[in-house]
Amino acid sequence: MSKFLSDFKEFALKGNVIDMAVGVIVGGAFGKIVTSLVNDILMPVISLATGGAGYKNLKYVITEGQAAADGVAAVEEVAINYGLFIQNIVDFFIIAFSIFVALRIAMKLKKKEKEAPATPPEPTKEEVLLTEIRDLLAKQDAPSKQ
């Protein structure tokens, strides 16, 4: 049992899992923002173009609902709510476009980061030794050429 717990701890504390969890949380919040953008800003404007009804109210009624004597529906209305489907399609395209734009910006930032010159690595011990030998040989040849 302790092996299982230690394996789970190792898995849960890896950087990728934590990054994924943060991504899911940020993605959920981002989804709420986009949904609010669609429902509260874009759809009212679109509903003006469709005569003020909006997409949510568009439906094809198969069977009308029937009210009972006390005003409560005895038989519920059966309808195909294609307006909600249209709104979900609009939501999808706006979310997909927003994610596309965010990824393009992230890729451009990553590309700029890669283009920045990296510091050259430190020379190895062999390279330092060979450089010293080269310099010593150059000093020995210099007096003989004069």
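Which residue forms a salt bridge with Arg-134? In this predicted model, where local features need pLDDT of at least 70 and side-chain atom pairs count only at pLDDT 80 or more, totals for chains, interfaces and linings use all residues. Residues are numbered from 1 along each chain as its sequence is written, and side-chain values use heavy atoms, with hydrogens and water left out.

The partner of Arg-134 is Asp-135. Their closest N and O atoms are 3.2 Å apart. A salt bridge is defined here as a side-chain nitrogen of Lys or Arg within 4 Å of a carboxyl oxygen of Asp or Glu. Arg-134 is exposed, at 53% relative accessibility. Asp-135 is partly exposed, at 37%. Buried denotes under 20% relative accessible area, exposed over 50%, and partly exposed in between (1.4 Å probe, protein chains only).

The structure holds two salt bridges. The other pair is Asp-7 and Lys-3, whose closest N and O atoms are 3.2 Å apart. Both residues belong to helix H1 (residues 2–12). They are four residues apart, and so are separated by about one helical turn. Lys-3 is exposed, with 56% relative accessibility. Asp-7 is partly exposed, with 36%. Helices (H or I, at least four residues) and strands (E, at least two) are DSSP runs, numbered from the N terminus.

Helix H3 covers residues 82–115. Its 34 residues should span 50 Å at 1.5 Å a residue. The expected span is 1.5 Å times one less than the number of residues. The end C-alpha atoms of H3 are 49 Å apart, in agreement with that span. Gly-83, Gln-87, Asp-91, Ile-94 and Ser-98 are the buried residues of H3.

Lys-111 is also found in H3. This lysine is exposed, at 53% relative accessibility. Together with Arg-104, Lys-108 and Lys-112, Lys-111 forms a positive surface patch. Patches consist of residues with over 30% relative accessible area and no salt bridge; like charges are joined within 9 Å, and nonpolar side chains (Val, Leu, Ile, Met, Phe, Trp, Tyr) within 5 Å. Lys and Arg count as positive. Charges are placed at NZ of Lys and CZ of Arg.

A nonpolar surface patch comprises Tyr-60, Ile-62, Val-78, Ile-80 and Tyr-82. Together these residues have about 500 Å² of accessible area, by the Shrake-Rupley method with a 1.4 Å probe. Strands E1 (60–63) and E4 (78–80) each supply at least two residues of the nonpolar patch. Ile-80 lies in E4. At 45% relative accessibility, Ile-80 is partly exposed.
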